[in-house]
Amino acid sequence: MTDGDASRGAAAVVAAYAPAVRARMWLEPEAVEDAAQLRTAVGRLGPVSRDLLDALLLAAPLGQVLPERFRDEVDEDGEELLLAGLLVPRSAPAAGATIDPRYYTAVCRVNPALRGHVLAPDLARSAEGTASPPAHDARWDAVIVAAALEDEPPRLARSGALRKDDLARLCRRLGGGDPARWELALAVAQATGLARPAGGMLHGFPESKPRPLTTPVGLIPDPGVAAAAAVLLRIADDRWLGLDALSDWLCRRAPQAITARRGRRPKWAAREALWLRAAAQLLHRVGVLDAQRDAEGVVALRRPQPRPSPPPGFLLTPDRELMLPPGALPGPDYGRLCRFAPYVDGDVLYRHRLTREGVAADLGSGHDELEAWLRARSQTGLPSVVAQAIRGWIAAASRVTLFSGVTVLEDPEAPPGQRFTVAARGVPAEARERAYRGQAP
């Protein structure tokens with residue numbers, strides 16, 4: 001078989017089946033690329049074959065080779081799927097050759113013409129319900145991490161990964177708490193370009209516009225949770241789907257979508273159901289699924305829908321604290337805020353605090369209108385004590401420029417800031433010269 005022939009599509013592959021198999025096919029070769037006729041074939045499947053098809057559609061993208069754990073399953077229960085043209089080898093044989101698809105399950109794929117097939121139509125879904133905010137919004141946490149990395153970029157190991165001790169130090173800087181929260185935020189920051197390696201170090205760019213998060217499953221190191229996340233992304237639609245109902249359906253009908261074990265298993269609640277719950281929490285936190293939550297976590301999910309944004313801006317108190325919910329500022333504005341007012345704590349409501357070091361870092365980044373910026377975005381105005389503190393910190397964060405091998409002229413009569421200039425030509429004859437060697441007198 002040759003991959004070059006795969007471009008001819010499923011019809012070309014089915015046309016090359018052995019005559020004994022062709023005689024038993026449910027559809028003619030040209031019909032296996034017709035979505036309407038494929039849907040009719042799905043309706044003829046027995047319950048075992050139908051459950052296997054749903055498991056295959058949940059576990060792998062259309063057109064890709066099936067995961068290895070399905071090989072025995074397809075060998076045992078996949079004959080109807082092969083005869084209906086729903087499952088086909090990935091590539092056609094060489095010209096003039098024929099194949100028996102039953103011997104090619106290792107390179108089979110679900111027919112791409114099934115795109116749009118409704119998964120689990122018997123699962124109850126609802127259009128009613130209100131989305132809950134995540135416990136920690138990983139997209140905003142990623143900006144917080146980027147600001148911390150900008151302030152103190154850590155060195156990377158030879159593998160290109162962040163060392164465990166540096167990761168632990170980063171978590172402590174951000175208030176401690178659950179390390180998994182900041183590990184996910186770091187992964188999101190790297191995936192969206194808010195954190196990038198350069199010169200053997202990991203640098204943060206909190207004011208950058210993040211790239212879209214196109215592969216959220218790639219953020220998940222645990223293979224079981226990653227498999228569960230892939231299932232959730234494929235089965236979710238615009239209606240609410242209960243997580244417990246989905247878990248029960250998968251356990252009864254398509255457990256191999258997540259695990260290699262077949263049928264109902266007493267350990268499902270101790271393993272696969274936990275993977276589903278962890279995956280739902282993570283996908284909600286990175287913003288690729290909406291969720292309804294209770295005290296235990298996610299109870300229902302759907303694809304993201306537009307919802308009202310929080311009032312723009314933040315609350316600024318006289319003790320220099322800023323408080324705001326996720327989404328109250330555009331990403332770059334929030335990145336700047338994280339620089340001059342580092343994160344303190346909070347989940348649904350984030351709390352930051354203005355610091356002397358943060359204001360100096362803001363100046364160093366090229367900003368010089370912090371008071372005006374705060375007034376334009378604060379819902380509570382700019383308290384006078386905060387304005388005074390900022391002015392004092394800006395005055396203290398004076399910049400010193402060192403020149404080597406040049407002549408500097410001092411004019412005591414010039415206004416402050418213009419007193420010293422670099423001589424472009426020779427020194428005036430009346431100038432009093434002072435040469436410094438070592439320590440200045």
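Figure 1. The model shown here is predicted. Strand 12 covers residues 350-353. Its partner here is strand 10, residues 321-324. The two strands pair in the antiparallel sense, over 4 bridges. Strand 12 also has two faces. Tyr350 and His352 form the covered face. Arg351 and Arg353 form the uncovered one.

**Figure 2. Strand 11 and strand 12 form a hairpin.** Strand 11 spans residues 343-345. Strand 11 pairs with strand 12 over 2 bridges, in the antiparallel sense. Asp345 has Arg351 of strand 12 as its bridge partner. Between the strands of this hairpin sit 4 residues. Look for Gly346 in the hairpin: its phi is positive, near 115°.

**Figure 3. Four strands make an open sheet in the order 9-10-12-11.** The pairing in this sheet is antiparallel. Strands of a sheet pair through backbone hydrogen bonds, either parallel or antiparallel. Which strands lie at the edges? They are strand 9 (315-316) and strand 11, and each pairs on one side only. Leu315 has Met323 of strand 10 as its bridge partner.

**Figure 4. Arg320 sits in the loop between strand 9 and strand 10.** Its phi is positive, near 70°, and Arg320 is a residue other than glycine. Is Arg320 buried, exposed or partly exposed? Arg320 counts as partly exposed, at 25% relative accessibility.

**Figure 5. Ala120 is another loop residue, placed between strand 2 (108-110) and strand 3.** Ala120 is not a glycine, yet its phi is positive, about 45°. Ala120 is buried, with a relative accessible area of 2%.

**Figure 6. Leu374 is one of the residues with the most contacts inside the largest nonpolar core.** This core has 124 residues. Leu232, Leu250, Tyr334 and Leu354 are also among those with the most contacts inside it. Helix 7 gives the largest share of the core, 10 residues. In soluble globular proteins, nonpolar side chains tend to be buried together. What does Leu374 touch, leaving out residues up to four places away in sequence? The list is Phe314, Leu322, Phe340, Leu354, Leu382 and Ile390.

**Figure 7. Helix 8 spans residues 164-173 and has a buried side.** The buried residues of helix 8 are Asp166, Leu167, Leu170 and Cys171. Why do they lie on the same side of helix 8? They cover an arc of only 145° around the axis, which puts them there. An α-helix has 3.6 residues a turn, so residues three or four places apart point the same way. Helix 7 (138-151) and helix 9 (179-191) are among the elements that cover the buried residues of helix 8. After helix 8 comes Gly175, with a positive phi near 95°.

**Figure 8. Helix 10, residues 223-235, is largely enclosed by the rest of the structure.** Why say so? Of its 13 residues, 10 are buried. They include Gly224, Val225, Val231, Leu232 and Ile235. Ala226, Ala227, Ala228, Ala229 and Ala230 are also buried. Their cover includes helix 4, strand 3 (125-126) and strand 6 (240-242). Helix 11 (243-253), helix 12 (272-285) and strand 8 (297-302) are also part of that cover. The length of helix 10 can be checked too. At 1.5 Å a residue, its 13 residues should span 18 Å. The end C-alpha atoms are 19 Å apart, which agrees.

**Figure 9. Ser49 lies in helix 4, residues 47-59.** Is Ser49 buried or exposed? Ser49 is buried, with a relative accessible area of 6%. Ser49 touches Asp77, Glu80 and Leu81, not counting residues up to four places away in sequence.

**Figure 10. The whole protein has 16 helices and 14 strands.** Of its 441 residues, 44% are buried. Take the contacts between residues at least 6 apart in sequence: 63% of them join residues at least 24 apart. The accessible surface comes to about 23100 Å². Carbon and sulfur atoms account for 52% of that surface.

Note on methods: Residues are numbered from 1 along each chain as its sequence is written. This is a predicted model: local features need pLDDT of at least 70, side-chain atom pairs count only at pLDDT 80 or more; totals for chains, interfaces and linings use all residues. Side-chain values use heavy atoms; hydrogens and water are left out. Buried means under 20% relative accessible area, exposed over 50%, partly exposed in between (1.4 Å probe, protein chains only). Contact means heavy atoms within 4.5 Å. Accessible areas come from the Shrake-Rupley method with a 1.4 Å probe; for residues, only the protein chains shown count as cover. The arc is that of the directions from the helix axis to the C-beta atoms. A nonpolar core is a set of buried Ala, Val, Leu, Ile, Met, Phe, Trp, Tyr and Cys residues joined through side-chain atoms within 4.5 Å. Two strands pair if DSSP finds at least two bridges between them. The expected span of a helix is 1.5 Å times one less than its number of residues.
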